[in-house]
Amino acid sequence: MMSDGPTTTAPAAGTSPTGPGTPGGGERHAGTARVKRGMAEMLKGGVIMDVVTPEQARIAEDAGAVAVMALERVPADIRAQGGVARMSDPDMIAGIIEAVSIPVMAKARIGHFVEAQIIQSLGVDYVDESEVLTPADPHHHIDKWAFTVPFVCGATNLGEALRRISEGAAMIRSKGEAGTGEVSNAVVHMRTIRAEIARLSALPPEELYAAAKELRAPVELVTEVARLGHLPVVLFTAGGIATPADAALMMQLGADGVFVGSGIFKSGDPARRARAIVEATTMYNDPGVLAKVSRGLGEAMVGINVGELPPQARFADRGW
Ligand SMILES: O=C(CO)[C@H](O)[C@H](O)COP(=O)(O)O
């Protein structure tokens, strides 16, 4: 599914007014919050796969991915090769859009609103303002209300998720530690976000003001989450998911869906592993199916233990 492309030109960051109707921001331009969030709802229960070429995008679609994410290099290669990681070549993104019929997402650097404008102009379905790329702005994330295209952003805790939603994100993914093939940080971030939501829901209304201050998030949004018992947008998981069992673990912990990057295309048999992860994400509560799809998958990505990463190598600490 390719969007019709942008119907408005993104204004310069910070120039758009705040409109009514949405906590922490407003419904502006052609892409309303309801439409943007609804697009993400349609991906629930599915797997979104990182791809760097049209061939990989076709493998992902054939395996049952609900969307693909175009990026320059998968996170494991970004770690291994180092250097500055930027948005993909527009030719590559256009080639991926041509190659598949499922939604196409593409990554922009944190705070790099011009990369996001370019990606929007290509007609992608979603922009990921991603910590996996080298951040462009150490102080400001993109004003996502200024765009027609919806955005997904990463978060390690509830406050971070709410700050991204207040900036206009229409989908949140727990960050995990991308490119490691190690699921522990994804687990910690998902458990943290869900525990913090449960705590909010148990608070009396008069304590939500102090909670908002602690979370550094707008009180209207905090009150909405306390009332709903979940985020007002879908909560996917990402970073370090490398096996069907990892994907099912994250679904059982409450994820609405799964992003997988390095775990598929750095494995011995990407097509087979991709199919197995899709099946495990759908049948996450059925150990018999999980055992079946986990058999004979060939080599998993080698991976890195998150505990051995030096602080400067942690992608999850990028963003605030
Ligand atoms: O950044 C992402 C989501 O936007 C990647 O899809 C995800 O984090 C990939 O991580 P990994 O390579 O560990 O699967």
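**View 1. Lining of the largest cavity in the predicted model.** The largest cavity is lined by 24 residues, and those nearest its centre are Asp50, Pro75, Ala178, Gly239 and Gly261. Here, on a 1 Å grid over the protein atoms alone, a cavity is a set of points where a 1.4 Å probe fits but cannot get out, and lining residues have an atom within 4 Å of a point. The space in this cavity comes to about 190 Å³, where a volume is the space filled by probe spheres set on grid points that are joined across faces, edges and corners. A search of the whole structure finds one cavity of 30 Å³ or more. At least two lining residues come from each of strand 6 (126–130), strand 10 (258–260) and helix 11 (262–265); helices (H or I, at least four residues) and strands (E, at least two) are DSSP runs, numbered from the N terminus. By class, the lining holds nine nonpolar, nine polar and six charged residues, with Ala, Val, Leu, Ile, Met, Phe, Trp, Tyr, Cys and Pro counted as nonpolar, Asp, Glu, Lys and Arg as charged, and the others, Gly among them, as polar.

This is a predicted model, in which local features need pLDDT of at least 70 and side-chain atom pairs count only at pLDDT 80 or more, while totals for chains, interfaces and linings use all residues. Residues are numbered from 1 along each chain as its sequence is written, and side-chain values use heavy atoms, with hydrogens and water left out.

**View 2. The largest pocket.** A pocket is an open set of points with protein on both sides within 12 Å along at least five of seven lines, and the largest one has a volume of about 360 Å³. Its lining numbers 18 residues, of which His230, Leu231, Val233, Val234 and Asp256 are the closest to the centre. Helix 1 (33–41), helix 7 (184–202), helix 9 (219–228) and strand 9 (234–237) give two or more residues each, and helix 7 gives the most, with four.

**View 3. Packing of helix 10 against helix 12.** The axes of helix 10 (residues 244–252) and helix 12 (residues 270–282), lines fitted to C-alpha atoms over the stretch in contact, come within 8 Å and cross at roughly 25°. Helix 10 is therefore roughly parallel to helix 12, a term for angles under 35 degrees, where angles run from 0 to 180 degrees between N-to-C directions. In the contact (heavy atoms within 4.5 Å), Pro244, Ala247, Ala248 and Met251 of helix 10 meet Arg273, Ala276, Ile277, Ala280 and Thr281 of helix 12.

Definitions and conventions
Angles under 35 degrees count as roughly parallel, over 145 as roughly antiparallel, 65 to 115 as roughly perpendicular and the rest as oblique.
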